[in-house]
Amino acid sequence: MIRYAQEQGPFERRIIEQCIKQRMPLPGKIANAPDLEFGLEFYFFAFKDLNTCRSSGFALGNIPWTAINDYAFAHRLSGVVRDDFFFIMDAVDAEYIEWQNSKLSKD
């Protein structure tokens, strides 16, 4: 359990330590957090950054192509790597929108 706490960010680490001290179960979002395959962290953090580029309004829209392009340019992605980046960001974005919409329909 302590090793698990070391792999988390400072906020999550504090929650884990408190759960251990108080002998309480971990919150579901921490206990069931997905493991990323090696090398996918870049895409995870890219999506988190790009997610802030959405326009605000009544409906959740896609991440703008220009934002993805600017991100790729800033990180000097080119060729097949750039093509893969666009493909992955589009796929993750579509899944995220579907997930958000399913949450709204349940409410």
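This is a predicted model: local features need pLDDT of at least 70, side-chain atom pairs count only at pLDDT 80 or more; totals for chains, interfaces and linings use all residues.
Residues are numbered from 1 along each chain as its sequence is written. Local features need pLDDT of at least 70, side-chain atom pairs count only at pLDDT 80 or more, totals for chains, interfaces and linings use all residues, and side-chain values use heavy atoms, with hydrogens and water left out.

Trainee: How many helices does the chain have?

Mentor: Helices (H or I, at least four residues) and strands (E, at least two) are DSSP runs, numbered from the N terminus. Along the sequence the pattern reads α-α-α-α-α-α. There are zero strands, and the helices come to six.

Trainee: What geometry do the rings of F42 and Y43 have as an aromatic pair?

Mentor: Rings of Phe, Tyr and Trp (its six-membered ring) pair if their centres lie within 6.5 Å; planes under 30 degrees apart count as stacked, over 60 as edge-to-face and the rest as tilted. The centres of F42 and Y43 are 5.6 Å apart. Their planes stand at 75 degrees, and the pair is edge-to-face.

Trainee: Which class does the pair of F42 and Y71 fall in?

Mentor: F42 lies in helix α4 (residues 41-50) and Y71 in helix α5 (residues 65-74), so the pair ties together parts that are 29 residues apart in sequence. The ring centres of F42 and Y71 are 6.2 Å apart with planes at 50 degrees, so the pair is tilted.

Trainee: Is Y71 buried or exposed?

Mentor: Buried means under 20% relative accessible area, exposed over 50%, partly exposed in between (1.4 Å probe, protein chains only). The relative accessible area of Y71 is 13%, so Y71 is buried.
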